[in-house]
Amino acid sequence: MKGNLIMKADIADIKLAAGGKKRILWADNDMPVLRSIRERFEKQKPLAGKNVSACLHVTAETANLARTLKAAGANLVLCGSNPLSTQDDVSASLVKDFGIPVFAICGEDRKTYYKHIHAALDHKPVITFDDGADLVNELHSSRAAEAGRVIASMEETTTGVIRLRALDKAGKLKFPVVAVNDAASKHLFDNRYGTGQSTVDGIIRATDFLMAGSKIVVAGYGWCGRGFAMRCKGMGAIVIVTEIDPIKAIEASMDGFDVMPMSQAAKIGDLFVTLTGNKSVLRGEHFAVMKDRAVVANSGHFNVEIDIPALAKLSKKINKGVRNHVDEYVLKNGHRVYLLAEGRLINLAAAEGHPASVMDMSFATQALAAEYVVKNADSLTASVYNVPVDIENIVCTLKLKSMGIDIDKLTSEQVHYLADFGEGT
Ligand SMILES: NC(=O)c1ccc[n+]([C@@H]2O[C@H](COP(=O)([O-])OP(=O)(O)OC[C@H]3O[C@@H](n4cnc5c(N)ncnc54)[C@H](O)[C@@H]3O)[C@@H](O)[C@H]2O)c1
């Protein structure tokens with residue numbers, strides 16, 4: 001796929017900028033915490049002169065993070081972190097209205113996706129942002145010689161953090177990384193409420209599926225799975241959870257869900273959604289026993305959670321695009337299975353991703369983490385760092401303030417009581 005080359009950018013169509021700008025400014029209304037950080041960064045310029053490359057889903061919310069990093073003085077370049085999640089109007093506006101180079105086109109093929117990642121690396125970044133660790137991966141493989149330049153990288157999602165911790169454990173991590181996903185100010189809200197709601201949104205937009213009374217199978221009861229299951233239940237669905245972790249399985253059961261292996265769930269589900277960060281969670285043996293017109297979708301990071309080659313192998317015919325984002329697989333047993341968004345993140349491919357109000361906290365955490373790594377560059381070593389608790393507290397305090405919610409403060413007597421082992425006896 002070929003885009004228009006504009007000011008060292010590669011986007012679908014610059015003429016989409018006006019619509020993109022409206023959406024960016026609309027999202028900004030719901031991002032008061034990030035906005036307040038942007039206003040401070042404007043004055044203090046904590047990233048002054050730093051080359052920064054960000055590989056993130058190019059959405060209206062990400063655009064507001066990009067504006068914040070630019071306000072901080074960064075020379076920023078953005079590329080997409082998924083071939084189907086780019087909002088082309090947003091990238092057009094970033095280029096035209098905000099002067100931020102973007103390399104991302106919705107629907108780009110694998111070759112273009114990597115060409116764009118390399119364009120972001122040609123920018124010679126000293127700070128990087130990832131959603132899934134694809135930039136960092138290139139900096140440890142095809143472009144390993146350039147890793148020494150990097151002060152630190154921020155990682156947005158669970159799958160990226162898992163990859164990076166594996167690299168660290170193997171002693172191969174070449175620069176410091178901040179696990180932004182693992183901050184409470186991120187995953188407690190973003191993964192649970194953001195993915196929860198937007199996954200429902202993506203499925204409904206793609207299929208017009210009726211939640212009430214449907215049997216929905218949720219694979220994975222982690223942060224994203226819990227949020228999605230909770231929302232499906234609230235909409236009247238009969239929710240079944242599959243897990244491999246005994247603790248999460250008990251939790252799901254006590255939260256009121258049916259828990260069973262996928263081999264059983266496969267026979268009864270109307271809709272199957274994978275949110276595990278694992279591969280081949282839905283396999284040939286499962287498709288083979290599904291009901292006619294079962295719908296399968298994924299909201300985990302990579303498109304490997306549903307074994308699509310196995311689905312294709314079981315099919316006598318594949319009808320692509322029977323509806324936008326819906327491919328019909330006609331199995332040899334005559335049953336039809338509908339695969340949504342080619343097994344890629346359904347909430348970003350078919351809907352708009354997480355609501356801005358929740359991304360406010362994630363991206364405020366990202367922005368403050370970037371400031372932190374620059375300030376502490378001399379003391380950081382090549383390992384995976386948690387976001388400092390102070391940053392999480394700042395983000396949550398600012399968010400509460402923006403929501404108009406006050407909370408209690410410890411009295412001095414309570415401070416003493418909690419600090420003293422002898423108290424309470
Ligand atoms: N769609 C989005 O916008 C979005 C947002 C955030 C995270 N993510 C991605 O979603 C995935 C899940 O993230 P999370 O934060 O919920 O992770 P998590 O670690 O909290 O939860 C994953 C759960 O899946 C379970 N699991 C693993 N293999 C399984 C299997 N074969 N069958 C059933 N359950 C299995 C694990 O035991 C765990 O409970 C990751 O890939 C993450 O990067 C997507």
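Begin by selecting G256: it sits just after helix 11 and takes a positive phi of about 100°. Helices here are DSSP runs of H or I with at least four residues, strands are DSSP runs of E with at least two, and both are numbered from the N terminus. You are looking at a predicted model, in which local features need pLDDT of at least 70 and side-chain atom pairs count only at pLDDT 80 or more, while totals for chains, interfaces and linings use all residues. Residues are numbered from 1 along each chain as its sequence is written, and side-chain values use heavy atoms, with hydrogens and water left out.

Now go to the other end of helix 11, which spans residues 246-254. D245 caps its N-terminal end, with a side-chain oxygen 2.8 Å from the backbone nitrogen of I247.

## Stop one: the ligand

Select the ligand and the 27 residues around it; T157, T158, T159, E243 and S299 come nearest.

To see where the shell comes from, colour helix 7 (158-169), helix 9 (190-207), helix 10 (223-234) and helix 15 (346-349), each of which supplies at least two of its residues.

Next, zoom in on the oxygen atoms of the ligand. C224 takes part through its backbone, with an N or O atom 2.8 Å from a ligand oxygen. A polar side-chain atom of H354 lies 3.2 Å from an oxygen of the ligand. On its own the ligand has 860 Å² of accessible area, and the protein covers 88% of that; such areas come from the Shrake-Rupley method with a 1.4 Å probe, and for residues only the protein chains shown count as cover.

## Stop two: D190

Select D190, in helix 9. Is D190 buried or exposed? At 2% relative accessibility, D190 counts as buried; buried means under 20% relative accessible area, exposed over 50%, and partly exposed in between (1.4 Å probe, protein chains only). Its side chain makes a polar contact of 2.7 Å with the side chain of S362. A polar contact is a pair of N or O atoms within 3.5 Å; within protein, one must be able to donate a hydrogen and the other to accept it, and residues adjacent in sequence count only if both atoms are side-chain atoms. Leaving out residues up to four places away in sequence, D190 touches E156, T195, H354, V358, M359 and S362, where contact means heavy atoms within 4.5 Å.

## Stop three: the cores

Show L94, V102, F129 and M154, the residues with the most contacts inside the largest nonpolar core, which has 55 residues. Such a core is a set of buried Ala, Val, Leu, Ile, Met, Phe, Trp, Tyr and Cys residues joined through side-chain atoms within 4.5 Å. Helix 16 (residues 356-375) gives the largest share of this core, 11 residues. A second, separate core of 30 residues includes F209, V241, F257 and A341.

While helix 16 is in view, pick T365, which lies in it and is buried, with a relative accessible area of 0%. Setting aside residues within four places in sequence, T365 is in contact with V180, A183, S185, V387, I391 and V395.

Then move to I127 in strand 6 (residues 127-130), also buried at 0% relative accessible area. Beyond four places in sequence, its contacts include N51, V52, A152 and M154.

## Last stop: two loops

Most residues other than glycine have a negative phi. D208, with a phi near 65°, is positive without being a glycine. Find D208 in the loop between helix 9 and strand 9 (215-219), where it is exposed, with a relative accessible area of 59%. E342 also has a positive phi, of about 55°, although it is not a glycine. Look for E342 in the loop between strand 16 (336-340) and helix 15; E342 is partly exposed, at 43% relative accessible area.

Notes: Near = heavy atom within 4 Å.
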